[in-house]
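Please look at the model first and keep it open while reading.

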Amino acid sequence: MADSFMGKAATMEIPINSNGETLAEDDSLEQDLQQVMVSGPNLNETSVVSGGYGGPAGGIIPTSSIKGSGMHHSNSTQNMSVEEANRGVAVEKLDSVKKWGINTYKCTKQMFSERFGRGSRTVDLELEAQIDVLRDTKRKYESVLRLTSALTSHFYNMVQTQQALGDTFADLSQKSPELRDEFGYNAETQKLLCRNGEALLGAINFFVSSINTLVNKTMEDTLMTIKLYEAARLEFDAYRADLEELSLGPRDAATMVRIEVSQQQYQVQRDKYERLRSDVTIKLKFLEENKVKVMHKQLLLFHNAISAYFAGNQQQLEQTLRQFNVKLKPPGSDKPSWLEES
């Protein structure tokens, strides 16, 4: 019955007068609509009447179409906002690539001008001399590190040979009664040399580890800052040359705008260059102080340990290790555990 009344309501024409007032048929229509409402129609089939009860049949709009149009409008708005965001990201990336290209061109032009003697460069003579000294020092320390690492490897092999030789002498002492004492003396000597050799290895390993930290971490960190400083110096000179070139040209309105922009870029690069120059100066100062402190301790350790070992002074060697807080690894600590082997 509800469907029949809905059909009736949907197809019924409602006459109206010129003032927009309904005619006599309003009462019968209102009764029909009340019956439809009481019968409880499905909410998805509910209709909205536009223009009041007195409107024509064309003014009755299904709510499902309203919902669909609202969702479509929301989706369209959302799609437009996503497109605008993507367009903004693309423009930003394009801007970034454009700036990078201009900066790279100017720096490359400045680099070739300096290399072929056609351009000028900013030089801090005192700072440049300190940088050259640091690079030369790093090369020499790398040589020391390489040689001491080789010494450690060779000496380790010698200690292992002495240990194997001592074990062989001890075994022969048990199996050769007529040479028991002679084999026994040599076995004890090799074991003592092996024990002292392990102590010296501990000292040399400590020396190598400290030099490695100084060269490959502390000095390398300072050199990374120097590389940033040199790149900033090149950029600064590139923008300086660009500003000087514009200043020598005509002074029309367009050129004055370009000069103003170039002046701002020049000031940014100058601030960056001066900041990094200050960072390099401070790092070089602290590096020199740290280098002297570390090397004073490590060279003293190396000298005392080597001297005590080759003098056969076991007590002096052990005292040197205690003085510099060198801790030896217990025998067999380098071997993997049974869990690692499995």
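## An annotated stretch and its surroundings

The unreviewed UniProt entry carries the annotation "coiled-coil region" for residues 259-290. The model shown here is a predicted one. In it, the span of residues 259-290 is 100% helix and 0% strand, and its end C-alpha atoms lie 46 Å apart.

The protein chain as a whole contains eight helices and two strands. Read from the N terminus, the order of the elements is α-α-β-β-α-α-α-α-α-α. The chain has 342 residues, of which 27% count as buried. Among contacts with a separation of 6 or more, 73% are between residues 24 or more positions apart.

## Two helix pairs

Helix 4 covers residues 125-175 and helix 6 covers residues 253-310. Their axes are 12 Å apart, and the two helices pack at an angle of about 30 degrees. Because of this angle, helix 4 is roughly parallel to helix 6, as angles under 35 degrees count as roughly parallel. The crossing of helix 4 and helix 6 is left-handed. On the side of helix 4, the contact includes Leu-127, Gln-130, Ile-131, Leu-134 and Tyr-141. On the side of helix 6, Val-280, Thr-281, Leu-284 and Leu-287 are among the residues that take part. Sorted by class, the contact of helix 4 with helix 6 has 13 nonpolar, four polar and two charged residues.

Another pair is formed by helix 5 and helix 7, the latter covering residues 314-323. These helices pack at an angle of about 25 degrees, with axes 10 Å apart, so helix 5 is roughly parallel to helix 7. The crossing of helix 5 and helix 7 is left-handed. Here Leu-192, Arg-195, Asn-196, Ala-199, Leu-200 and Ala-203 of helix 5 meet Gln-314, Leu-317 and Leu-321 of helix 7. By class, the contact of helix 5 with helix 7 has six nonpolar, two polar and one charged residues.

| Residue | State | Relative accessible area |
|---|---|---|
| Thr-225 | buried | 9% |
| Leu-284 | buried | 10% |
| Glu-235 | buried | 15% |

Buried means under 20% relative accessible area. With 15%, Glu-235 therefore counts as buried.

Which residues does Leu-284 touch, not counting those up to four places away in sequence? Leu-284, a residue of helix 6, touches Leu-127, Gln-130, Ile-131, Leu-134, Thr-222 and Ile-226. Leu-284 and Leu-127 are 157 residues apart along the chain, while their C-alpha atoms are separated by 9.2 Å.

Thr-225 is found in helix 5, which covers residues 180-247. When neighbours within four places in sequence are left aside, Thr-225 is in contact with Asp-279, Val-280 and Lys-283. Val-280 also belongs to the contact of helix 4 with helix 6.

Glu-235 lies in helix 5. Residues up to four places away in sequence not counted, Glu-235 touches Asn-103, Cys-107, Gln-269 and Lys-272.

Methods:
Residues numbered from 1 in each chain as written. Predicted model: local features only at pLDDT ≥ 70, side-chain atom pairs only at ≥ 80, totals over all residues. Heavy atoms only, no water. Axes fitted to C-alpha atoms, helices over the stretch in contact; angles between N-to-C directions. Helix = DSSP H or I, 4+ residues; strand = E, 2+ residues; numbered from the N terminus. Parallel < 35°, antiparallel > 145°, perpendicular 65-115°, else oblique. Left-handed = near helix turned anticlockwise from the far one by under 90°. Contact = heavy atoms within 4.5 Å. Nonpolar A, V, L, I, M, F, W, Y, C, P; charged D, E, K, R; others polar. Buried < 20%, exposed > 50% of the residue type's maximum accessible area, 1.4 Å probe, protein only. UniProt positions renumbered as here; feature names shortened; annotations may be inferred.
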